[in-house]
Amino acid sequence: MRLETIILNRKVVRSDKILSVFSRELGKIVVVAPGCAKVPNRFGGAIEPLNYGISNIYRSVGGNFYLREYELKKPFWEIRRSLNRLESALFILSLVDKTSPLELPEPELFDTLLVFLDLIDSGGDPILLRYAVILKIFHFLGFLPSLDTCSSCSGKISKEAFVKGDTPILVCGNCAGEGTALKLTEGLNLLQEMRRKPLALCGRIKYTSRGLEEVITYLEMLLRGVLGGVGLEFSGSNI
Ligand SMILES: [Zn+2]
């Protein structure tokens, strides 16, 4: 079968590469690229994380996926030329790799990921887009708490919101009480706007440094909550 894929990660085992691949049709899958670590090999140098292409794969009797052919569509050269952009991109690929379940199609997440890579490849703000896409990923995978209603009284949250303790759910001013871990003001509007707009438009959102700082603090809390101390590793040194 031919699948649209983004390579998230890869490990070398003997002469093969074991790829973690995100596909539009099947979600995340693990694919063996036989002989791919040998030089030369039939895939050339195209089987690397970040690459978007068409993978022709088959499923063995044992249930494993194997790569038969690969057609590279986009190597995202501009991302690879900038350490900032590359770091943002690899972080996001690693996050998708760690959080998405195997073989559960998430076509919207696939499209969003591709839009993200295109945007930062063409010079979009890597910090703003990195956090906007984290919010989208959490939303698609069901990890994003409500940004509009108080988790305690279900009242509407508008101008400000608070986080109590380590659990990154939002409460209103009336329910916050003493000793809140985080107060969101400008950051709340920014989070709500990122949530509402498609990622392609998030790069143009106007924001203040305080707003972005609040968003980063909040989403980092959420990341810690979701990943539970699991570190994100970047694959390979030859990207
Ligand atoms: Zn409340």
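Figure 1. Phe162 stands opposite Val171, a residue of β7. The model shown here and in the following views is predicted. Strand β6, residues 161-164, pairs with β7 in the antiparallel sense, and two bridges make up the pairing.

**Figure 2. The open sheet of three strands, in the order β7-β6-β8.** Pairing in this sheet is antiparallel. Its edge strands, β7 (170-171) and β8 (180-184), each pair on one side only.

**Figure 3. Domain 1 and domain 2.** Residues 1-75 form domain 1, and residues 76-239 form domain 2. Taken over C-alpha atoms, the centres of the two domains are 28 Å apart. At the interface, 26 residues of domain 1 are in contact with 29 residues of domain 2. The size of an interface is often given as the accessible area lost when the parts come together. Between domain 1 and domain 2 the buried area is about 2,400 Å², and carbon and sulfur atoms give 61% of this area.

**Figure 4. Polar contacts across the interface, and the side of domain 1 that touches domain 2.** Between domain 1 and domain 2 there are 13 residue pairs in polar contact, counting pairs with both residues at pLDDT 80 or more. On the side of domain 1 that touches domain 2, at least two residues come from each of β1 (2-13), β2 (16-23), β3 (27-33), β4 (52-59) and β5 (65-74). Strand β1 gives the largest share of this side, with seven residues. Sorted by class, the side of domain 1 that touches domain 2 holds twelve nonpolar, eight charged and six polar residues.

**Figure 5. Salt bridges between the domains.** Three salt bridges are found across the interface of domain 1 and domain 2. In a close-up of Lys74, its side chain meets that of Asp118 in a salt bridge, with an N to O distance of 3.1 Å.

**Figure 6. The salt bridge of Glu71 and Arg2.** The whole structure contains 13 salt bridges. In the one shown here, the side chains of Glu71 and Arg2 meet at 3.9 Å, N to O. Arg2 belongs to strand β1 and Glu71 to strand β5, so this pair ties together parts that lie 69 residues apart in sequence.

Definitions and conventions
Residues numbered from 1 in each chain as written. Predicted model: local features only at pLDDT ≥ 70, side-chain atom pairs only at ≥ 80, totals over all residues. Heavy atoms only, no water. Domains from an automatic or database assignment. Contact = heavy atoms within 4.5 Å. Buried area = accessible area lost by both parts, 1.4 Å probe. Salt bridge = Lys/Arg side-chain N within 4 Å of Asp/Glu carboxyl O. Polar contact = N/O pair within 3.5 Å; in protein donor to acceptor, adjacent residues only side chain to side chain. Helix = DSSP H or I, 4+ residues; strand = E, 2+ residues; numbered from the N terminus. Nonpolar A, V, L, I, M, F, W, Y, C, P; charged D, E, K, R; others polar. Pairing = 2+ DSSP bridges.
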